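This report walks through a metal site, a ligand shell and some backbone features. Please have the sequence and the coordinates at hand while reading.

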Amino acid sequence: MLTLGIESTCDETGAAVVRDGKTILSNVVASSARVHAKFGGVFPELAARGHAEVIRPVVEEALLRAGVRGEELDLIAVARGPGLIGSLLVGLQFAKGLSIAWDKPLIGVNHVEAHLVAAMMTTESLPLPALGLVLSGGHTLMLQILAPGEYLHIGTTRDDAIGEAFDKVGSLLGLPYPGGPEVEKLARQGDPRKVPLSAGQVKGHPLDFSFSGLKTGVLYAMKRGVYERADVAASFQETAFRDVVEKATVAMKQFGCRALVLGGGVCNNLRLKELMQEIGVPVFFPTAEMTLDNAAMIAGLGTQQFLRTKRSDPLDLEAIPRIAVV
Ligand code: KG4
Ligand code: ZN
């Protein structure tokens with residue numbers, strides 16, 4: 001079964017061809033991140049225009065690299081949300097057009113769920129129930145994975161997403177956007193015990209997250225002018241990750257989870273990988289090409305969903321800027 005995936009929720013335009021929901025034949029990503037760098041965050045209108053410009057060549061390149069003609073596809077999967085409305089519409093309209101032109105079924109998937117499926121797509125035997133953690137620029141989500149497509153919500157962030165906190169701290173430290181990878185690099189030269197910081201706890205919801213106070217803590221530490229930037233970066237990173245690991249450990253016990261599945265851009269961070277591995281259960285990370293926003297994960301989830309539900313979506317499928325996994 002050959003599925004074309006299309007991703008355009010934020011500033012990455014992606015197209016991928018995946019066989020049987022598992023084997024990635026191609027995974028092409030064009031990012032407009034450079035355009036947004038001077039704004040310190042994604043500029044929605046420019047992101048939408050970026051998608052409109054490159055979506056056709058990106059899809060053509062994905063088919064070419066996979067050695068597949070449009071007529072040979074069995075399914076077209078597209079991310080319908082969550083994301084920026086203008087960006088979502090470009091991907092959705094293009095996917096609908098292809099579905100009509102090639103007479104192929106269309107399926108809309110949830111982008112955040114796809115981040116989780118990224119690590120599961122290539123895993124033969126995942127012990128269930130598992131704890132799923134999506135740590136990205138737009139989302140911080142913890143859920144229990146009961147079966148493919150069957151989840152229970154455990155916790156989420158009350159304010160900033162963890163990747164967003166990395167990006168904002170990066171900007172406080174004078175680092176280029178996106179700050180996540182830069183903060184990690186700087187943190188390697190610093191001492192994580194130098195700057196006293198704490199992550200937010202949400203009253204009455206011990207498994208929810210809050211990173212905005214931590215970010216303000218970094219701002220005040222910088223204002224004091226007594227700390228090395230590398231020590232601030234290291235202390236912030238360690239505080240944020242230890243909070244995630246502690247809450248994940250509590251959730252694992254409480255929900256009887258036997259494994260950990262991670263997804264989202266922040267999973268590129270090597271310190272996070274080290275800390276997660278210390279929990280002592282099998283941990284599944286996506287491969288590098290499946291960590292940041294990409295269309296292979298959209299195709300993977302689309303295939304699973306189509307085979308499980310035996311249903312495709314109608315052509316009036318709508319983009320949903322805010323849509324929860326559970
Ligand atoms: O999954 P993703 O592409 O976007 C969303 O769907 O939101 O993740 C991008 C986020 C950015 O906030 C970026 O700074 C962060 O992932 N990120 C990292 C690292 N690499 C990317 N954060 C911490 N350490 C990294 N090495
Ligand atoms: Zn994402």
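Four donors at a metal count as tetrahedral if all angles lie between 85 and 135 degrees, and donors are N, O and S atoms within 2.8 Å of the metal (3.2 Å for Na, K and Ca), with water not among the atoms, so that sites may look incomplete. The structure discussed here is a predicted model, in which local features need pLDDT of at least 70 and side-chain atom pairs count only at pLDDT 80 or more, while totals for chains, interfaces and linings use all residues. Residues are numbered from 1 along each chain as its sequence is written, chains are lettered from A and ligands numbered from 1 in the order in which they are written, and side-chain values use heavy atoms, with hydrogens and water left out.

**The zinc site**

By that criterion the site of the zinc ion (ligand 2) is tetrahedral, with angles of 94 to 132° among its 4 donor atoms. For reference, the ideal angle for four tetrahedral donors is 109.5 degrees. The protein contributes His111 (NE2), His115 (NE2) and Asp293 (OD), which lie 2.0 to 2.1 Å from the zinc ion, and the spacing of these donor residues in sequence is H-x3-H-x177-D. Because histidine 111 belongs to helix 4 (residues 111-121) and aspartate 293 to the loop between strand 10 (283-284) and helix 10 (296-309), the pair ties together parts that are 182 residues apart in sequence; helices (H or I, at least four residues) and strands (E, at least two) are DSSP runs numbered from the N terminus. Histidine 111 is buried at 3% relative accessible area, and aspartate 293 also counts as buried at 15%, where buried means under 20%, exposed over 50% and partly exposed in between (1.4 Å probe, protein chains only).

**The shell of ligand 1**

Around ligand 1 there are 20 residues, of which Gly137, Gly138, Asp167, Glu184 and Gly265 come nearest; a residue counts as near if one of its heavy atoms lies within 4 Å. The table gives side-chain contacts to this ligand, a polar contact being a pair of N or O atoms within 3.5 Å.

| Residue | Atom in ligand 1 | Distance |
|---|---|---|
| Histidine 111 | oxygen | 3.3 Å |
| Histidine 115 | oxygen | 3.3 Å |
| Glutamate 184 | nitrogen | 2.7 Å |

The protein covers 91% of the 560 Å² of accessible area that ligand 1 has on its own, areas being taken from the Shrake-Rupley method with a 1.4 Å probe. At least two residues of the shell come from each of helix 4, helix 5 (162-172) and helix 6 (179-187).

**Backbone features**

Aspartate 103, a residue other than glycine, has a positive phi near 55°; aspartate 103 lies in the loop between helix 3 (85-102) and strand 5 (106-110) and is exposed at 67% relative accessible area. Lysine 310, likewise not a glycine, has a positive phi of about 55°, is placed in the segment after helix 10 and is exposed at 70%.

Conventions:
Four donors count as tetrahedral if all angles lie between 85 and 135 degrees; four count as square planar and six as octahedral if opposite donors are over 155 degrees apart and all others between 65 and 115; anything else is irregular. A polar contact is a pair of N or O atoms within 3.5 Å; within protein, one must be able to donate a hydrogen and the other to accept it, and residues adjacent in sequence count only if both atoms are side-chain atoms.
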